[in-house]
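Hi,

Here is the structure I promised to pass on. Please have a look, and my notes follow below.

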Amino acid sequence: MAVPVIDIKKLLDGEEREMTMEQIHKACQEWGFFQLVNHGIPHSLLDGVQELFKEHYKNSMDAQFQDSAVVEMLESALSQGMNLSATKIDADWETGFFIQHSSHKTNTVTPPLPANFKETMEEFAEEVKGLAERVLEIMCENLGLEKGYLKEALAGGNGNGNSPFFGIKMCHYPPCPRPDLIDGLRSHTDAGGLILLLQDDEIDGLQVLKDDTWFDVQPIRHAIVIDIGDQLEVMTNGKYKSMWHRVLAKDDANRMSVAAFYNPSSEAEVYPPPQLMIMSAEHNGIDNVNAKSGYAYPKFVSKDYMKVYAEQKFLPKKPRFEAMSIVGHAVK
Ligand SMILES: O=C(O)CCC(=O)C(=O)O
Ligand SMILES: [Fe+2]
C-alpha cells in the first residue's frame, strides 16, 4: 500500500476518464493525500522554484537558522542530558517564510526576494492556484455537488471581491544532529481547504498516517502532492478527511518543500452542504458531533476556526470542531 499516484492527464482520455475520477475519489476518501503527475504545470517552472529556493536558503537563511531558538533548544536539551526520549521535543526543526499571494499584482510577494525568485514564485502561484481549482471541480463532480460549489464556498460566496485565502509556505528542514529527539514538523492535520505541495525531488521525510501506520510520501520528481484540510473535510460533511501527517528530520540532508494553501477566506462560512447530509452518521463511519441533524459538523466562520487551530494545531482535531459548535450558534 502506498499513497496513490494519479495521472491526471488521463481525465482527458474518454476511456480512462471514469477510472481516473474514481481513483481520485477513493484517494480523497481513504488517504486524504495523493500525488498528481502530468498536472500541466511546466516541469521547468518546478525545477526553477526548487533551484532558486535552495540557492536562497544557502545565501540568506542558513546562518539565521543556526542561530535560531530551535537549535538552541536542542543544544540545551542535550546539555541537560536528554539522550533517549520516548517523547520528542515539542518544537519543529524547520525554517521558512510565508508568501501571501493575491491577484492584485502590486504586493504579491513578501518578504522581498531576489527579482528572479519573486517572478518565478508569482508564476508558480498562478499555476498552482489553477491546479487547485481544477482539483476542486473534480471533487465537486465526484461528490455530486454542482459545478463551482467548492470554489465558491472557499471564496465565501460568489460576490465581487470574494476570494479564497491563498498563500505559500516556503520551508527548509536543515540537517539535524538528533532526528531521534525532534521532528522536522510535528504531526498535525492541515487547517484549511486544499494544500498543494512541491516537495524536494530527492529527500523524503513527509509521512501520512493511515490505519495507525505511517506511510512515506515518496518524492517523485515534478509531482504535486495534494492533501485535504480540516475545513474542506467539513465542506464535504466528512466524506473526505484531513489526515495526520508529519515531517521527519534528517541528519544528513536538507529538505525543501513549498506548500500552497488554498483556504477559505477568513469571513467564509464553513458548513456541510445540504446535498451531503447523511441519514445515519454511524452508517457512514463518521465520528460526528451532531448526528441527529445529519450534519457531522457545525457551521462556523473560518477565522474563528483558525484562531482555535493556531493554539491547537498539534492536538486532536475533534475538540476543535466541538469548540466551533459553541461559537457556531452565531451563524445561521
Ligand atoms: O514540508 C512538507 O512536506 C509538509 C509541510 C506541511 O505539512 C505543512 O506545512 O503543513
Ligand atoms: Fe501540513
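In which helix is the place of Glu-119? Glu-119 sits in α4, residues 115-143 (helices are DSSP runs of H or I with at least four residues, strands are runs of E with at least two, both numbered from the N terminus). Glu-119 is partly exposed, because 15 other C-beta atoms lie within 10 Å (20 or more would be buried, 12 or fewer exposed, with C-beta atoms placed from the backbone). Its C-alpha atom is separated by 10.0 Å from that of Val-49, 70 residues apart along the chain.

Before you read on: this is a predicted model, where local features need pLDDT of at least 70 and side-chain atom pairs count only at pLDDT 80 or more, while totals for chains, interfaces and linings use all residues. Residues are numbered from 1 along each chain as its sequence is written, with chains lettered from A and ligands numbered from 1 in the order in which they are written.

Next, the sheet. Four strands form an open, antiparallel sheet in the order β5-β10-β7-β8 (pairing takes at least two DSSP bridges). β5 (185-188) and β8 (213-216) are at the edges with a single partner strand each, so one side of each has no neighbour in the sheet. β5 pairs with β10 (residues 245-247) over 2 bridges, and His-188 is opposite His-245 in β10.

His-245 also belongs to the surroundings of ligand 1, as do Lys-169, Asp-190 and Ser-257, among others (C-beta atom, placed from the backbone, within 6 Å). β4 (165-173), β6 (194-199), β10 and β11 (255-263) each supply at least two residues of this shell.

Best wishes
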